[in-house]
Amino acid sequence: MQKANVYKLPSSGEARELLRKKGQFWTPDWAAEAMVDYVLADKGGTLFDPAVGAGAFFRAAKTIEKKKGLHITLSGMDIDPTALEQAIQQGLTRDDITGVKINDFVFHPPQEKLSAIVANPPYIRHHRLSLDTKEQLKRLSMQNTGMILDGRAGFHVYFLIRALTLLEENGRLAFIMPADTCEGKFANDLWRWISVNYALDAVIVFASNASPFPNVDTNPLIFFIRKSMPKENFLWAKCHESQTDILKMWVRSGFEMTPTKGLTVTQRKLSEGLSTGLSRPLATGKASKYILGDFVQIVRGVATGANEFFFMTAEQVKQTDIPNNYFTRAIGRTRDVPTEEITRATLDLLEAKGRPTFLLALNGDSIENYPESLKEYLKKGETIGLPQKPLISQRKPWYKTESRIAPPFLFSYLGRRNSRFIRNSARIIPLTGFLCVYPKSDDKEYTDHLWKILNHPDTVANLIMVGKSYGDGAVKVEPRSLEKLPIPENVIDQSGMQTQMRLFESKTPYKT
Ligand SMILES: C[S@@+](CC[C@H](N)C(=O)[O-])C[C@H]1O[C@@H](n2cnc3c(N)ncnc32)[C@H](O)[C@@H]1O
């Protein structure tokens with residue numbers, strides 16, 4: 001592998017921010033060659049890359065051209081001319097890039113139909129798009145798919161739609177995309193449209209240690225799609241080795257070869273893949289009749305709108321002189337809970353480290369009724385403009401904080417460490433890094449059985465079935481999705497919960 005093609009982590013936060021804005025993460029050779037091989041289908045012709053960047057796919061095409069004796073014409077687009085300079089530095093000639101137009105692919109696409117499209121589109125999440133761009137994308141989606149996708153679809157999703165509409169009959173497309181393409185709110189609509197208009201040949205996912213983009217907070221997938229009659233089945237392959245040759249060998253064999261190592265391939269029904277989510281493995285075992293929501297209610301942790309003001313260290317509490325009864329104990333970061341249980345000792349340790357654990361808990365009384373120290377502190381909040389901050393401005397009065405009953409369990413829903421359940425023995429209140437898990441009964445035995453269910457490895461293994469996946473194996477699970485977590489029947493049997501279930505089915509003692 002040439003050094004230049006390896007993804008380099010930007011050296012500073014600023015550089016990374018710039019990369020994010022432009023969506024410039026280069027595809028490594030070992031993945032690029034497999035993708036180009038698929039779209040060329042041993043035929044040669046014109047290869048179109050709508051986001052050429054430093055030219056990973058063009059270089060791959062030149063390698064394949066030489067190897068197979070094909071004649072390939074390179075064509076493409078990019079909005080950033082400086083990226084093309086990098087393409088030259090990384091081994092392409094000026095001739096190779098004469099067919100690249102500097103323009104926006106989504107809003108100024110080529111007029112002709114295309115037979116081979118390959119891309120690593122810019123992954124630009126929706127909150128980075130301007131309102132005006134979002135409006136234009138809505139119109140584009142309506143014109144091309146007949147529907148408006150949920151507003152959380154990122155720019156890359158519209159790249160895919162645009163590219164699919166440009167495919168000629170039997171034309172092929174290979175896109176490397178973040179997993180939100182099949183896990184986001186918009187994904188059902190998107191894939192319903194794709195699956196009735198195109199043939200999905202294969203989906204490639206990567207084990208976290210084999211990601212083509214190591215150190216990037218994205219779980220990438222490759223889609224191989226043809227403009228042809230939809231098929232009932234598709235191939236789902238998981239790549240376990242980074243920089244492996246096996247991926248391109250498998251693609252080169254027309255998916256005929258049975259890989260012995262580095263890649264596992266499963267044939268799946270399209271209907272099953274779409275309902276499970278294409279980024280997720282085929283669910284093995286019997287479908288369970290239980291979901292987590294049968295036993296618990298889930299509510300997100302407290303959002304303060306300004307942690308630096310509402311969430312204090314012991315030292316800050318002392319300095320402000322606000323009486324203790326205006327605080328509740330809380331935990332803000334997943335990293336602050338390295339174990340499976342939060343105890344008094346966890347809080348003491350955090351306090352000793354100077355981490356905040358005191359959350360201002362104000363019920364919205366008139367400021368005049370508060371002690372002087374608190375009045376003074378709130379006035380300070382007003383002078384620094386807190387009442388105008390987005391989340392805070394919706395509260396009346398602005399300093400009235402969200403309240404929660406301390407949940408017996410927490411769920412740490414996104415972190416470098418695996419997502420997991422935590423027993424809250426210290427009865428703290430969690431901030432938004434966690435979800436609150438409230439059992440449907442406060443009976444001690446019920447809670448003990450539930451704990452066995454929550455930290456059973458088979459329960460935890462199912463999190464990928466309901467969560468959104470990011471880089472490094474991190475999974476983020478929203479409250480409503482967590483309630484849908486399937487609980488395997490063997491887990492229920494082993495927990496001893498069955499005897500309790502009938503007794504407590506309708507009770508919901510925790511109100512938040
Ligand atoms: C993720 S990089 C991929 C580049 C290269 N194909 C690769 O895989 O290494 C995406 C590229 O898209 C370009 N880009 C961003 N927005 C674009 C747009 N609207 N139209 C065309 N190119 C765009 C960026 O400048 C960047 O070079």
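This is a predicted model: local features need pLDDT of at least 70, side-chain atom pairs count only at pLDDT 80 or more; totals for chains, interfaces and linings use all residues.
**Gly 364**

Leaving aside neighbours within four places in sequence, Gly 364 is in contact with Pro 397 and Lys 400; two residues are in contact if their C-beta atoms, placed from the backbone, lie within 7 Å. I located Gly 364 in the loop between β15 (358-360) and α14 (372-383). Helices (H or I, at least four residues) and strands (E, at least two) are DSSP runs, numbered from the N terminus.

Buried or exposed? Gly 364 counts as exposed because it has 12 C-beta neighbours inside 10 Å. The cut-offs I used: buried with 20 or more other C-beta atoms within 10 Å of a residue's own, exposed with 12 or fewer, partly exposed in between. I also checked Gly 364 against Trp 250: they are 114 residues apart in sequence and 64 Å apart in space, C-alpha to C-alpha.

**Numbering and confidence**

I number residues from 1 along each chain as its sequence is written. Local features need pLDDT of at least 70 and side-chain atom pairs count only at pLDDT 80 or more, while totals for chains, interfaces and linings use all residues.

**Sheet with β15**

I traced an open sheet of four strands, in the order β12-β15-β13-β18, with mixed pairing. Two strands pair if DSSP finds at least two bridges between them. β12 (311-312) and β18 (429-430) are the edge strands; each has a single partner strand, so one side of each is left without a neighbour in the sheet. β12 and β15 run antiparallel and are joined by two bridges. Met 312 has Phe 358 in β15 as its bridge partner.

**Nonpolar cores**

I took a nonpolar core as a set of buried Ala, Val, Leu, Ile, Met, Phe, Trp, Tyr and Cys residues joined through C-beta atoms within 7 Å. The largest has 77 residues, and Met 35, Val 36, Val 39, Leu 47, Ile 117 and Val 118 touch the most other members. Helix α2 (residues 29-40) gives the largest share of this core, nine residues. Not counting residues up to four places away in sequence, Val 36 touches Leu 47, Phe 57, Ala 60, Ala 61, Ile 64 and Val 118. Another core lies apart from it, with 43 residues, including Leu 450 and Ile 492.

**Domains**

The domain assignment, automatic or from a database, gives domain 1 (3-276) and domain 2 (294-366 + 402-504). Their centres, taken over C-alpha atoms, are separated by 38 Å. How many residues are in contact? I noted nine residues of domain 1 and six of domain 2.
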